Amino acid sequence: MAGMIKVIAIELGISENQVEAVQKLLDEGNTVPFIARYRKEVTGGLDDTQLRTIEERLTYLRELEDRKAAVLKAIDEQGKLTDDLRALIDGVTTKARLEDLYLPFKKRRKTKADIAREAGLEALTDRLVAGEEPDLAAFYTEGFADDKAVLEGARAILADRFAMDADLVGEVRDEMYQRGSMQACVVEGKEQEGAKFKDYFEFSESFESLPSHRILALLRGESEGVLHLNLDADDAFFEGLIKDRFGLGDTQWINDAVHWGWKTKLYISAGLDTRMRLKDKAEEGALEVFKKNLRDVLLAAPAGQRATLGLDPGYRNGVKCAVVDPTGKVLDTTIVYPHQPQNQWSQAVQRLAGLVATHGVDLLAIGNGTASRETEKLAGEIASMIADAGGKKPTPVVVSEAGASVYSASKIAAEEFPDMDVSLRGAVSIARRLQDPLAELVKVDPKSIGVGQYQHDVNQTALARALDNVVEDAVNAVGVDLNSASAPLLTRVAGINGTIADNIVAYRDEHGAFASRTALKKVPRLGPKAFQQCAGFLRINGGKDPLDASAVHPEAYPVVKKISAATGLSVADLIGNSKVLAELSPNDFADDTFGVPTVTDIIAELDKPGRDPRPEFKTATFKEGVEKVSDLKPGMILEGTVTNVAAFGAFVDVGVHQDGLVHVSQLANKYVSDPHEVVRSGQVVKVRVLEVDEQRQRISLTMKLEETPQHTRKPRGNKKGSSGRREAPAPAGSMAEALKKAGFGR
């Protein structure tokens, strides 16, 4: 364990004491949100991201330790475990290096090299390696009856030595990744069908510089049969590396054997490893983007408790509509058919305007799917009609409907609305996700929310785990109203599982609203540990104790009582009293149990209890007369909403059927390494149109509103960066076949 802690501490640039403290807290069953917020003294103030990283690395290194034990046992049972080998294995820090060391001791099918050894050709190999010219006939035997056969047998033995040398295999693997490049070219005849991969029809870039999104695009292009991929390596360099490692001479047989061993053994194994490293790199980068996007979506500005009409657009099947009151309760539902083929526009306007007037609707939430723009026009006409009649004009807002259909058919939706048609449940979800995105979206599988490209191209288990962690962190950052939260929302609170969440709702239904946090202890299956983990994240507004509406943990209520006694003010009078609280010193109230970081948080929470970390609600105003891509002209200044953020830029909805792209180089008048530094999903931004490609339905935008000289983008060069692209040959031979058989890129 000490070794793991040291490794993680070095990787994260923190102290070993911090890592050890986190390890102990996690092993005791504490959740990351609880540790991040309520154990700052113990961890030295590590945030949830750092804690998640420690959690992941501990899991990896523990798995590595288990594998080490299995490998040591297997080698020892063969009677081949030396002290030096044990030391090497004990010092391993990666699974790849461990498997390199274990490779010579693994049970394997009999190879050509094994057969040649059994035939007595090991001695011949040694003499050829020494540069001798032995009498080949002296080595003839069954299966090796001529010069060619015995030389091929010796070659197989030498190549096997290369492949079994752990140090050589590791060095070749690292050198190939550092020196090699990915080449791509279009499969003949696929030019039109694979037009979306046009940027990769003639492409080359070093492995090390390939960003996540390009790796995933290349692999998808290959899997769809549009692109040929080839791993380019410097044969001469690697063959020289092999000869140096084994101290080989320069005879024709040695040169041929080294070349053959490189191409059939090390190049293939290093290529497979490079593919895996690239895919791991791509997945790691993609998951980071997905996590950031999901967090932005979940923590988007809530419109708040306002009556809302949700509109789930459609053509033939109509626009499904649902009115919800400020608390999200469904008041009315209907389906109207304003679009083709029915074209009942005026009837739809009258019907929906009546609903808006009857229920005092303040917001019109429009799903962004099929017929969204046409339905937005409908909503605009309804809003104008209400305003012309002297009523309060409702505000139309386009809302992402990603996952709404998944929710509609889910068990959760069926339990919420057992008597409601499935098609109408989506409209309810669209309305509610405008009121409170977080509370509604937790009912949907995070993978269905649509947080980036290539979601289906990454490891689905890792994706689910990463996104679930984001949901948990987001829910606990905001806090949950104990007396109104749904079971799916409660399930995301630290320390609460599905059973406990259901029990909380059942207890609430039977006994009425919770009057205090301590009443949670009466809920079946909610024991002391679960209470400790969840209590601080659950809010009770209007309860017996005003602290129950804050993020102050019940275990820290004594600190507040000390502050109350010192100031002579009641807890109720302390809350929101900025003048008094600003004069307090955390050091005066800190002790061995609650240190300065916790007391500082308590004072801040007393100042603004239950403060929502989400931004203020704001909507974009689309430009009049701009409804389709052809309406856009270079130079136009538009307002739009960021719909997604990728590693290469941000997609923005500017009111037409196609989102535009602000490339990372166009996000600001400075270098931007990560688009999330500048924008987030749901943010309203101003953009200028740079270029419009109607044929490919591509819109290029910039957030640099004043025109500046065009900057040329850095070319995607080869490993030396000397040229942007060059023709790449299609993969062929044993390497291509091995990669296909291994299932990479399919």
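This is a predicted model: local features need pLDDT of at least 70, side-chain atom pairs count only at pLDDT 80 or more; totals for chains, interfaces and linings use all residues.
Residues are numbered from 1 along each chain as its sequence is written, and side-chain values use heavy atoms, with hydrogens and water left out.

Let's begin with the overall layout. The protein is divided into domain 1 (1-105), domain 2 (112-286), domain 3 (310-435) and domain 4 (629-702), with bounds that come from an automatic or database domain assignment. Between the C-alpha centres of domain 1 and domain 4 there are 43 Å.

For residues 635-704, an unreviewed UniProt entry carries the annotation "domain: S1 motif". UniProt positions are given in the numbering used here, feature names are shortened, and such annotations may be inferred rather than shown by experiment. In the model, residues 635-704 are 0% helix and 49% strand, and the end C-alpha atoms are 11 Å apart. When I say helix or strand, I mean DSSP runs numbered from the N terminus: H or I with at least four residues for helices, E with at least two for strands.

You will find Val 692 in strand 14 (residues 684-693), partly exposed at 23% relative accessibility. For the cut-offs, buried means under 20% relative accessible area, exposed means over 50%, and partly exposed is in between, with a 1.4 Å probe and protein chains only. Pro 634 is 58 residues away from Val 692 in sequence, yet their C-alpha atoms are 7.2 Å apart. Setting aside neighbours within four places in sequence, Val 692 contacts Val 629, Leu 632 and Arg 698, where contact means heavy atoms within 4.5 Å.

Now to charges. Side chains of opposite charge can pair when their charged atoms come close. How many salt bridges does a search of the whole structure find? The count is 51, taking a salt bridge as a side-chain nitrogen of Lys or Arg within 4 Å of a carboxyl oxygen of Asp or Glu.

Let me show you three of them. In one, Arg 161 meets Asp 126 at 2.7 Å, N to O. Arg 161 sits in helix 10 (residues 147-164) and Asp 126 in helix 9 (residues 122-129), so this pair ties together parts that are 35 residues apart in sequence. Arg 161 is partly exposed at 22%, and Asp 126 is partly exposed at 38%. Both residues also belong to a network of salt bridges that links Arg 108, Asp 114, Arg 117, Glu 122, Asp 126, Asp 160 and Arg 161.

Next, Lys 291 pairs with Glu 288 at 2.9 Å, N to O. These two are three residues apart in helix 14 (residues 252-298), about one helical turn. Lys 291 is partly exposed at 21%, as is Glu 288 at 38%.

Then there is Arg 373 with Glu 376, whose closest N and O atoms are 2.8 Å apart. This pair, too, is three residues apart, in helix 16 (residues 372-388). Are Arg 373 and Glu 376 buried or exposed? Both are buried.

Back to helix 9 for a moment. Its buried residues are Leu 124, Thr 125, Leu 128 and Val 129. After helix 9 comes Gly 131, with a positive phi near 90 degrees.

Glu 605, in helix 28 (residues 596-607), is buried at 8%. Not counting residues up to four places away in sequence, Glu 605 touches Arg 37, Ser 550, Ala 551, Val 552, Gly 610 and Arg 611. Glu 440, in helix 20 (residues 437-441), is buried at 3%.

Cys 185 is buried at 12%, and Cys 534 is buried at 0%.
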